[in-house]
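The report below goes through a model and its ligand, one part at a time. Please keep the sequence and the coordinates at hand while reading.

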Amino acid sequence: MTTIKLHNTRTRGKEVLNPLNPDDVRLYLCGPTVYDRAHLGNARPVVVFDVLYRLLRQVYGTNHVTYARNFTDVDDKINATALARKEAGAPGTLEELVQERTEETISWYLADMAELGALEPVHMPRATAYIPQMIAMIEDLIAKGHAYADGAGHVLFSVKSYKDYGALSGRSVDDMIAGARVEVADNKRDPMDFVLWKPSTDELPGWDSPWGRGRPGWHIECSAMSHELFGDSFDIHGGGNDLMFPHHENEIAQSCCAHPEGDFAKIWLHNEMLQVEGKKMSKSLGNFFTVRDLLDQGYPGEVIRFVFLQTHYRKPMDWTDKKAEEARQTLAKFYSVLMVPGEYAKPGSRGVYLNTDVYQPDEKIVEAIADDLNTSKAISRLHKLYKEERYQLLIGSMVFLGLLNEETDIDHLSRPEGSSYSAWTGNLGQYVSILEDARKSAMEKKDFSEVDRIKALLIDAGIEVRMSKAGVELVPGPSFDASKLDAI
Ligand code: AMP
Ligand code: ZN
């Protein structure tokens with residue numbers, strides 16, 4: 001059996017994965033707070049942990065891996081979007097508007113992540129469905145002397161009561177206070193103490209509890225949900241490294257104090273952050289965009305995924321248009337092997353029909369991924385397989401890496417080399433309209449010289465012009481040159 005080695009944040013080294021139960025390897029990833037569309041950075045942990053999930057399924061068997069990723073569906077940001085809608089005159093109670101917002105955000109999220117080739121986890125628990133478990137865990141923590149109620153609807157975790165606090169990130173409590181914005185509040189016995197439960201107003205979502213109507217803090221959600229699904233100990237816990245402190249330190253403190261007989265998560269895996277064109281992604285820099293923005297601009301999900309896989313998950317990764325274009329060209333080359341009719345695949349209803357039972361990934365690619373998810377090494381190997389014309393292994397490996405599935409739109413990816421995305425996707429539409437308008441006025445004037453002129457320029461730019469009663473279709477050919485379009 002393939003040995004899997006993963007970098008454990010807690011021990012700061014690569015470790016061999018020895019599952020607690022090889023018949024049920026358990027993986028938990030902190031999921032999104034569902035108040036808006038996922039931005040490109042949010043997609044990074046999803047792709048990284050999807051690669052890990054696929055590896056575990058390959059090594060331990062499809063039905064022997066349980067992957068859970070939660071939805072945080074109770075949060076101030078969600079409430080704020082609902083409030084804004086209500087103020088704008090939307091019908092319904094605030095609670096209904098909150099629910100509407102979380103439902104739509106969850107469906108967007110699942111659709112966007114599916115486009116990136118991410119398999120759906122086995123469990124996708126929503127925090128609001130686990131409130132009784134959270135309340136029970138908080139009561140247990142109070143009973144064991146690790147938490148206290150302030151008498152005004154809050155319950156706080158006493159960080160001093162857990163001697164190993166900070167062990168995950170390997171920092172002292174003082175360092176952590178200095179490096180983070182720790183909220184000092186009158187009701188805290190110690191500035192590091194954090195909220196397990198807080199009061200809620202009548203209009204906003206809230207649940208009855210021994211401390212009054214209220215709602216859970218963020219950290220207790222993951223502790224309660226992972227315990228309900230996986231028990232006291234499980235194999236791997238993941239998230240972006242921005243979650244290491246305080247979120248993951250707090251999860252560990254809660255879970256280990258409530259269930260001291262268990263280990264909580266054995267291995268902690270953290271992905272580094274994503275940047276855009278060398279800069280932190282932020283709304284103020286104007287380089288902030290969602291996964292859906294990119295998909296709408298015509299970047300196929302496979303291209304986005306391929307760019308992600310080129311950088312190791314523990315290194316910062318930079319999203320650039322140049323990388324996306326190179327990825328598109330590489331994938332088009334790899335996918336071209338599917339075009340051999342009947343040989344490896346055949347056209348499906350949307351994309352390609354792949355008989356995944358007959359394809360197996362290349363062993364060296366599985367080994368590379370098993371070595372702390374060395375995705376860039378796996379990609380080098382894809383190039384080698386292509387060069388050596390080992391097409392069946394190439395296809396099997398692309399399926400394994402999530403770069404090819406039955407929905408993959410091969411035609412869209414195989415556009416001619418050298419043409420830019422905007423020319424390929426968006427801008428050709430404008431020439432369709434120009435040509436259609438010219439044809440309309442030509443029919444009125446009975447003079448087709450303008451239509452002929454535009455057609456000739458399009459053909460000169462390497463575009464096949466198909467005109468029929470139904471409309472105009474422009475199909476770029478192998479010699480397509482977007483720069484020539486300027487002449488129109
Ligand atoms: P949030 O909804 O903000 O809690 O984030 C959901 C997930 O996205 C977490 O695992 C974060 O670590 C991750 N994340 C947020 N921003 C980035 C980024 N720029 N690069 C990589 N991961 C990110
Ligand atoms: Zn979490």
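Two strands are taken to pair if DSSP finds at least two bridges between them, while helices (H or I, at least four residues) and strands (E, at least two) are DSSP runs, numbered from the N terminus. β1 and β2 form a hairpin with four residues between them, and Arg12 in the turn has a positive phi of about 60°.

This is a predicted model, in which local features need pLDDT of at least 70 and side-chain atom pairs count only at pLDDT 80 or more, whereas totals for chains, interfaces and linings use all residues. Residues are numbered from 1 along each chain as its sequence is written, chains are lettered from A and ligands numbered from 1 in the order in which they are written, and side-chain values use heavy atoms, with hydrogens and water left out.

## The parallel sheet

Strands of a sheet pair through backbone hydrogen bonds, either parallel or antiparallel. Here four strands form an open sheet with parallel pairing, in the order β4-β3-β9-β10; its edge strands, β4 (65-69) and β10 (264-271), each pair on one side only. Neighbouring strands of this sheet are turned by 20° against each other on average, direction ignored, where axes are lines fitted to C-alpha atoms (for helices over the stretch in contact) and angles run from 0 to 180 degrees between N-to-C directions.

Strand β9 (residues 233-240) runs parallel to β10 and is joined to β10 by seven bridges, with Ile236 standing opposite Ile267 in β10. Helix α7 (residues 244-258) packs on the sheet, touching β9 and β10, and its direction makes about 175° with that of β10; contact here means heavy atoms within 4.5 Å.

## The antiparallel sheet

A further four strands form an open sheet in the order β5-β6-β7-β8, with antiparallel pairing. Because β5 (147-149) and β8 (214-216) stand at the edges with a single partner strand each, one side of each is left without a neighbour in the sheet.

β5 pairs with strand β6 (residues 155-157) in the antiparallel sense over three bridges, and Tyr148 stands opposite Leu156 in β6. Helix α4 (residues 131-143) packs on this sheet, touching β5, β6, β7 (194-199) and β8, and its direction makes about 125° with that of β7.

Of the 14 residues around ligand 1, Gly41, Asn42, Gly240, Asp242 and Leu274 come nearest; a residue is counted as near if one of its heavy atoms lies within 4 Å. The largest share of this shell, four residues, comes from helix α1 (residues 40-60).

An oxygen atom of ligand 1 is 2.4 Å from an N or O atom in the side chain of Asp242, a nitrogen atom of the ligand is 3.0 Å from a polar backbone atom of Gly41, and a backbone N or O atom of Thr33 lies 3.3 Å from an oxygen atom of the ligand. Taken alone, ligand 1 exposes 490 Å², of which the protein buries 84%, with accessible areas from the Shrake-Rupley method with a 1.4 Å probe.

Key. A polar contact is a pair of N or O atoms within 3.5 Å; within protein, one must be able to donate a hydrogen and the other to accept it, and residues adjacent in sequence count only if both atoms are side-chain atoms.
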